[in-house]
Number of protein chains: 4
Amino acid sequence: MDADSRLSRWENRTEVPLFVTSLVYLGAYAVHVLDPGLPVAVHDALRAVIGLTWSMFVADYVVRWRLSGHPFLPGYMRHHFLDTVVVVLPLLRPLRAVHLYEVIQRRRAQPRLSLYGRVIAYAGMTALLLGFSASLAVYQQERGAPHATIRTFGDSVWWACSTLTTVGYGDVTPVTPGGRSIAAVLMFLGLALLGAVTGSFSSWLLQVFTREDEKPPGGFPGAS
Amino acid sequence: MDADSRLSRWENRTEVPLFVTSLVYLGAYAVHVLDPGLPVAVHDALRAVIGLTWSMFVADYVVRWRLSGHPFLPGYMRHHFLDTVVVVLPLLRPLRAVHLYEVIQRRRAQPRLSLYGRVIAYAGMTALLLGFSASLAVYQQERGAPHATIRTFGDSVWWACSTLTTVGYGDVTPVTPGGRSIAAVLMFLGLALLGAVTGSFSSWLLQVFTREDEKPPGGFPGAS
Amino acid sequence: MDADSRLSRWENRTEVPLFVTSLVYLGAYAVHVLDPGLPVAVHDALRAVIGLTWSMFVADYVVRWRLSGHPFLPGYMRHHFLDTVVVVLPLLRPLRAVHLYEVIQRRRAQPRLSLYGRVIAYAGMTALLLGFSASLAVYQQERGAPHATIRTFGDSVWWACSTLTTVGYGDVTPVTPGGRSIAAVLMFLGLALLGAVTGSFSSWLLQVFTREDEKPPGGFPGAS
Amino acid sequence: MDADSRLSRWENRTEVPLFVTSLVYLGAYAVHVLDPGLPVAVHDALRAVIGLTWSMFVADYVVRWRLSGHPFLPGYMRHHFLDTVVVVLPLLRPLRAVHLYEVIQRRRAQPRLSLYGRVIAYAGMTALLLGFSASLAVYQQERGAPHATIRTFGDSVWWACSTLTTVGYGDVTPVTPGGRSIAAVLMFLGLALLGAVTGSFSSWLLQVFTREDEKPPGGFPGAS
């Protein structure tokens, strides 16, 4: 890995501020979408906050590229695929929270999550963040559409839950081309991510039951 | 494991009475929800039974914490995660039936279920209990709602089946915020649990067919 | 295995006649359900054929139990679980076709299907037979129901396809308690069986691609 | 493998022209279906292009069979199952793009995709091509049907997305027997293919997280 000391130092110093920035970004975007009744000046301010925080993520990405030693951007992008996705879709930025939690645990010399636990945490949180941002974006598309069945943000969250889990009731569905495009992305990504969560949970459960076979009886499985 | 002799003795003694208590709890809750036409006094009695049985589960949980040697409750809660879930959602309490069955089998020196069989039994029974309690709770939410499509308990069970299996017809769906919140929990938990059941069934089937390769021919697979 | 020579001889002799009997059973049941316009005498004859063929399956089951050396029926039922299921649900009887195919292949000294291929064949055929019999049974329940959306046998097959794959459009769904009960069974069994098919297909695909790594290039994967 | 030098030479020479041919085929079919308002002469020309390109695929298949050394066609068909499928369903022909990409990578001495990456690429691209061709074919069936809910090609693509991912909203569904038959094929094939994609993605994610355990900390997983 290209983790020379200057890159590590940069990451150690920017970790917490950038996480706070990502929460500010998410909050500003959510308020912007969910409360269209606010004065125009407030919406302009929110847009400015969204633009500013985004440019901070881009700056962080560029600095990490320069410190990584990769001479060309495309090569860096391929090797840091998920970092690149997060710069393009900054709504996923709070995902670094899981990483931050691990860094803190390591400093306090506490054990990290198990392998399955980490896959579940990353994939599950990505799915939830995707679902939340898709709810916001689809709500923005559908709000004013004629014959729309998604009329409140609650409808949109309900639709996102039934889509992510592939249940798909169809009582509320997007009807605009924009809303349907976002929905299609959510379907395919959600299928892959929740498939990973389900598979890891299944493996973890098998592991728990296997381990229990070697222990004296008592209590529920997992009660180690 | 922290299974010192006093904890084991407590568990051996409370196993059967607590299982009966959990059936009483489930029955009282079901009658309370399903028959609103009963006299007020009966509903008061049912509510008293529900409260009393729940407090017995909490007492059992506290005793097991004190006997476990864990000095602090949060540490115990983390290590006995499923026990904690069962105290908060006592409708899942009858799950201990599988454990009870195993304890009895061991005393009679009979073989326990295979690894896959136990994962299927635990995860499948948890899914069924979740589905049953979600049917009850959603029915309670939707019963009086205007434009509700879930109008009878049968509708609610039908809805829970199509949700747990992720089929999701959408012919009957919750329309109230309360009903939809319960439904979202059921979707995500059901997806994980039935994923574990399906995965274990698939692994078991592969095992059966592998084993059959080493046997003389005849009969169906599994016909050992 | 308890495959002594008398049991093997019985199975060798009854294999083909019982397979033909199972096709007769399936055909008689299908005609009985699908063409209610036939004269009453024909329907009586069909019912007689259904009863007669079923009793032959029961007789075969009893003979195999007596020849197996198991002294008690419950013990035999537990060890020959799938045989027992097939006696109770004789619509699944044609499943033995896969077994028959293997017996014939072995006599002609041809290779049997691979492990994954056999799991896919058994689980997939069981799912298809389940779907076909559920279509027949649901159609019988819904045909005369008021407000039914399943009005033709084609609707019923379309509904079974969307249910087995957990797609669940919900454009046609059972509305009677009987139809919904059959549907719930189909959902849970179909989920497990098609999960096994999908998992085996996935493993087989990985195997094909792994094997290809060790070969000179050319052609599609699987082009061995 | 039967990859003698003449077969390899044939494949090296026809690789690129046949890929271009497959794109021509797909384009001609899509224009033929999507723009029924074109003059009759144009449609005749498109039909001629479709027939001509198809016959080129058949010719290529026959040549490869003759060069392979298999004396009989059925034996060749069984060993080159996917090639055979592609000749029957030429809409899947562009799949060879993945193969072509690999051949080019190998000539430039660049590493091939990882095992999971290749399964995801093949199965995912097959699913997308299947979905696209099913959208075209279902649109052709439903276009003029009374009470059809699929009225535009956009509806058809939206329906294919929700079907492939097994979400199945049911807001737009085929109503004609032809459309429903194509839909049933898409459901079963899509379930198997996207199951393989999901399973491989899940395994890849576990691999990434396992590998990360052996590295110094920093960055997102996958940031190798």
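Mentor: Helices and strands are DSSP runs numbered from the N terminus, a helix being H or I over at least four residues and a strand being E over at least two. By this rule chain A has 8 helices and 0 strands, in the order α-α-α-α-α-α-α-α along the sequence. This is a predicted model, in which local features need pLDDT of at least 70 and side-chain atom pairs count only at pLDDT 80 or more, while totals for chains, interfaces and linings use all residues. Residues are numbered from 1 along each chain as its sequence is written, chains are lettered from A and ligands numbered from 1 in the order in which they are written, and side-chain values use heavy atoms, with hydrogens and water left out.

Trainee: What percentage of the residues of chain A count as buried?

Mentor: Buried means under 20% relative accessible area, exposed means over 50%, and partly exposed lies in between, with a 1.4 Å probe and protein chains only. Of the 224 residues of chain A, 52% are buried. Among contacts in chain A that join residues at least 6 apart in sequence, 62% link residues at least 24 apart.

Trainee: Which residues have the most contacts inside the largest nonpolar core?

Mentor: A nonpolar core is a set of buried Ala, Val, Leu, Ile, Met, Phe, Trp, Tyr and Cys residues joined through side-chain atoms within 4.5 Å. The largest one has 196 residues, and Trp159(A), Trp159(B), Trp159(C) and Trp159(D) have the most contacts inside it. Leaving out residues up to four places away in sequence, Trp159(B) touches Tyr169(A) of chain A, and in chain B it touches Ala134(B), Val138(B), Ile150(B), Val172(B), Thr173(B), Pro174(B), Ala183(B) and Leu186(B).

Trainee: How is a pair of packed helices described?

Mentor: Two packed helices are described by the angle between their axes and the distance between the axes. Axes are lines fitted to C-alpha atoms, for helices over the stretch in contact, and angles run from 0 to 180 degrees between N-to-C directions. In chain C, the axes of α1 (residues 5-34) and α6 (residues 115-142) come within 9 Å and cross at roughly 30 degrees. Angles under 35 degrees count as roughly parallel, over 145 as roughly antiparallel, 65 to 115 as roughly perpendicular and the rest as oblique. Therefore α1(C) and α6(C) are roughly parallel.

Trainee: What is the handedness of the crossing of α1(C) and α6(C), and which residues meet there?

Mentor: A crossing is left-handed if the near helix is turned anticlockwise from the far one by less than a right angle, and right-handed if clockwise. The crossing of α1(C) and α6(C) is left-handed. Leu26(C), Tyr29(C), Ala30(C), His32(C), Val33(C) and Leu34(C) of α1(C) meet Leu129(C), Phe132(C), Leu136(C), Ala137(C), Tyr139(C) and Gln140(C) of α6(C). By class this contact has 10 nonpolar, 2 polar and no charged residues; Ala, Val, Leu, Ile, Met, Phe, Trp, Tyr, Cys and Pro count as nonpolar, Asp, Glu, Lys and Arg as charged, and the others, Gly among them, as polar.

Trainee: At what angle do α2 and α4 of chain D cross?

Mentor: The axes of α2 (residues 40-68) and α4 (residues 81-88) of chain D come within 9 Å and cross at roughly 155 degrees. That makes α2(D) roughly antiparallel to α4(D), and their crossing is left-handed. Trp54(D), Phe57(D), Val58(D), Tyr61(D) and Arg64(D) of α2(D) make the contact with Asp83(D), Thr84(D), Val87(D) and Val88(D) of α4(D). By class, the contact of α2(D) with α4(D) has 6 nonpolar, 1 polar and 2 charged residues.

Trainee: Is Val88(C) buried or exposed?

Mentor: Val88(C), in helix α4 of chain C, is exposed because its relative accessible area is 55%. Val88(C) and Phe57(C) are 31 residues apart in sequence and 9.5 Å apart in space, C-alpha to C-alpha. His80(C), in the loop between α3 (73-79) and α4 (81-88) of chain C, is buried, with a relative accessible area of 4%.

Note on methods
Contact = heavy atoms within 4.5 Å.
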